[in-house]
Amino acid sequence: MLSALLVMAGIAIVLGAVLGYAAIKFRVEGNPLVDKIDAVLPQTQCGQCSYPGCKPYATAIAAGEADINRCPPGGEEGIQKLADLLGVDFKPFGGDTNAPKPKSVAIIDESTCIGCTLCIQACPVDAIVGAAKQMHTVIASECTGCELCIAPCPVDCIVMLPIEEKISNWKWKYPVYTLNAVETDRAAEAALQRTNGRAPG
Amino acid sequence: MRKLFHFHGGIHPPSNKTQSTQTAITSAPLPTKLTIPFHQHAGETAKPVVKVGDHVLKGQLIGMPDGFVSSAVHASTSGTIAAIDMQLIAHPSGLPNLCATLIPDGKDEWVTLNPVDYRSHSVAELQQLLRMAGVVGLGGAAFPSDVKLRIGKQKIKTLILNGAECEPYITCDDMLMRERAAEIVQGAEILRFMLDADEVLYGVEDNKPEAIAALQQAITASKSAQQNKSHEVIAIPTIYPGGSAKQLIRVLTGLEVPSGKLPTDIGVQCFNVATAYTVHRALAHGEPLLSRVVTITGNVRKAQNYEVLIGVPINELVALSVALSDTNGYIMGGPMMGVPLHAMNAPGPAVQVPVVKATNCVIAASAKLFPPPQPALPCIRCTRCVEVCPADLQPQDLYWFAQSKEFGRAQAFSLFDCIECGACSYVCPSHIPLVQYYRFAKSEIRAREYDKLLADQARERHDYREHRIEREKREKAEKLAAKEKAAQAAKLAAQPLTPQQQTEQAELAARREHIREVAQSAVEHPEG
């Protein structure tokens, strides 16, 4: 009886030690689900979801606090990807979120800019360069189109320009072909009857 | 006799080549205006280095290569740059691109040419010369040749000269091989030298016996080629798309280029015969790529090959061959893979777009030659497309995935191995425009991958910014703390000492004095 108890207790202690060691050794830093959600989000860092960036929104989705349909730059496709990832149903945009807009970049009217650096501080991806009392400019290739620089500008010299289609970013379109209605015997008969002023039948 | 191999599938469309091989290559007259696009090659657009109003000479650099995969652009004749702006070019999008408009002065005055002997230059120097001469692949893809010659540590065993010209109607390579075989062979020898290849194989379809004979004769006559005894002309069976690089490699060597790999990975490199000719002109004569041979054929009175300057408007060129009255549009390239130009110039067939380095053929189309496509019917899964696919794919599955926008599965079914040859569409009994679905899926996948790349960069920049703000905050706090500490210490020092502290300090000083004395005595009387 005693030996059995000792053996069981021994096994429990050994296994407990192994598990305890594994918990320390193979500990996962952070929440992997947050990173997966963050990878799907468009990284505009625009805050239109009411969270201060893509990562906080991802954290909120992972915690079940936020809906998946709050990211306008991601579009419906983004919602679909989140739905697939999380195993939930697709939800259309709705409520207080903005409608998706075509992708744009910010352009600073350099002759109007007074060099106040407010937009530089507002840019979440450091895409605006310039110094105090010097003209600022947007690095177009780094701009995510988040519009966060527009509100702080005291002279309203920043505009959003939609990215226009050029040969370098042109995409082949989905093949769409017009279908021409072919007159079948029955349709021809019906048309004939109509012109003769008689009811079909 | 060399053993030849087969690739899977292929089709035999009517070749329609004899119409344009009756007359020799003729030089097209100088037009009144040339439109030279700065983006005629795969890769980055060349940077304009001339201004509006500049007078340029024939062969003068007007576009500087910008980026690794890029090529130079030159003035095709002497004249004045009238404009540098967006003009329509031959592109399926119908969108304009940056072009220089050149008004010729009629003198055709050359810049000073610097011919070089390739044997006295390093390979890197030759690559740079070809890049600055604007030499690109003339088979249709216009990939910069210097980039194809920049191989890493791989050993190139076989250099293949592609003279297959498998697409119907096109005969520009055929005529070039018949008339200028000697220069092609010399160009091939330069390419062989640069790649340090063991053998040079000329793959020519067996429907061009004159070209094969001319090449063989040129090789026998050429001294350097004979020294090497490494050049060999091989007649390959006529089957479309036998002129596609991967398929030609398969036929000549039996090797298959693995999915996602390049021919150089299996020790083979492939160049078009016209590219070899241009390489020879660029090095041995110092002439940059200013003109090329273009086949004008189809619904014209006199189908023929012309030597055409880059930038000549296609309508002026077709006018030389006199298009018949029922012409309803033009195709740049062949009927299988070419770009239809009528879609871009909807009212009437007035084609204003210029000839570029990739223009190998212009076909005048008529309703009789190319009847309008029949309406597409549902896929019946007959798998005739599978039987003809030269890339060994499952076109009907790819069509299904592209149609339902399941791009991940399309990629898993090797969508990117599709060479867009159009053999599947050609045999499809339901007249489904299969290639257009694949092109749509490919460009959609590329766009998504690019967006993903941008998103990852934005995330990195955002994370770094957060990190920087955090660090600045911490540094500020640390600085503040240090400042406060220093202020406190200064305050302490300024305060007067109490009598108790004074006695303590005096005692400490006395003790230190005593210790010093003891130590001194021990040094002075070590024996005591």
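Colleague: Across the interface of chain B and chain A, how many residue pairs are in polar contact, both at pLDDT 80 or more?

Modeller: Happy to start there: this is a predicted model, where local features need pLDDT of at least 70, side-chain atom pairs count only at pLDDT 80 or more, and totals for chains, interfaces and linings use all residues. Residues are numbered from 1 along each chain as its sequence is written, chains are lettered from A and ligands numbered from 1 in the order in which they are written, and side-chain values use heavy atoms, with hydrogens and water left out. A polar contact is a pair of N or O atoms within 3.5 Å; within protein, one must be able to donate a hydrogen and the other to accept it, and residues adjacent in sequence count only if both atoms are side-chain atoms. Between chain B and chain A, the number of such residue pairs is 13.

Colleague: Which element gives the most to the side of chain B that touches chain A?

Modeller: Elements here are DSSP runs numbered from the N terminus, helices being H or I with at least four residues and strands E with at least two. On this side, β8 (96-104), α11 (395-403) and α14 (434-494) of chain B each supply at least two residues. The one that gives the most, with 18 residues, is α14(B).

Colleague: And how many residues of that side of chain B are charged?

Modeller: The classes are simple: Ala, Val, Leu, Ile, Met, Phe, Trp, Tyr, Cys and Pro are nonpolar, Asp, Glu, Lys and Arg are charged, and the others, Gly among them, are polar. The side of chain B that touches chain A has 12 nonpolar and 8 polar residues, and its charged residues number 9.

Colleague: Which residues of chain B lose the most area to chain A?

Modeller: Contact means heavy atoms within 4.5 Å, and 29 residues of chain B are in contact with 29 residues of chain A. Buried area is the accessible area (1.4 Å probe) that two parts lose on being put together, summed over both. For these chains it is about 2,700 Å², with 56% on carbon and sulfur atoms. Together accounting for 22% of what the chain B side buries, the residues are Arg459(B), Arg461(B) and Arg465(B).

Colleague: Which residue of chain A meets the side chain of Arg459(B) in a salt bridge?

Modeller: A salt bridge is a side-chain nitrogen of Lys or Arg within 4 Å of a carboxyl oxygen of Asp or Glu. Chain B and chain A have 6 of them between them. At 3.1 Å, N to O, the partner of Arg459(B) is Asp38(A).

Colleague: With which side chain does the side chain of Asp126(A) make a polar contact?

Modeller: Asp126(A) sits in the loop between α5 (118-122) and β2 (128-129) of chain A. Leaving out residues up to four places away in sequence, Asp126(A) touches Ile139(A), Arg461(B), Arg465(B) and Arg468(B). The polar contact, at 2.8 Å, is with Arg468(B).

Colleague: Within chain A, which residues of domain 1 lose the most area to domain 2?

Modeller: Chain A has domain 1 (32-86) and domain 2 (102-164), with bounds from an automatic or database domain assignment. Their C-alpha centres lie 25 Å apart, and the contact takes 4 residues from domain 1 and 6 residues from domain 2. The two domains bury about 340 Å², with 61% from carbon and sulfur atoms. Together giving 86% of what the domain 1 side buries, the residues are Thr44(A), Gln45(A) and Cys46(A).

Colleague: Are the rings of Tyr169(B) and Phe370(B) stacked, edge-to-face or tilted?

Modeller: Rings of Phe, Tyr and Trp (its six-membered ring) pair if their centres lie within 6.5 Å; planes under 30 degrees apart count as stacked, over 60 as edge-to-face and the rest as tilted. There are 10 aromatic pairs over all chains. In this one the centres are 5.9 Å apart and the planes at 45 degrees, so the pair is tilted.

Colleague: How many residues apart are Lys155(B) and Asp198(B)?

Modeller: Their closest N and O atoms are 3.2 Å apart, which makes a salt bridge. Lys155(B) lies in the loop between α2 (145-149) and β9 of chain B, and Asp198(B) in the loop between α4 (181-195) and β10 (199-205) of chain B. The pair links distant parts of the chain, and the separation in residues is 43.

Colleague: Last one: is the peptide bond from Tyr240(B) to Pro241(B) cis or trans?

Modeller: Most peptide bonds are trans. Pro241(B) is in the loop between β11 (231-236) and α7 (245-253) of chain B. With omega near 0 degrees, the bond from Tyr240(B) to Pro241(B) is cis.
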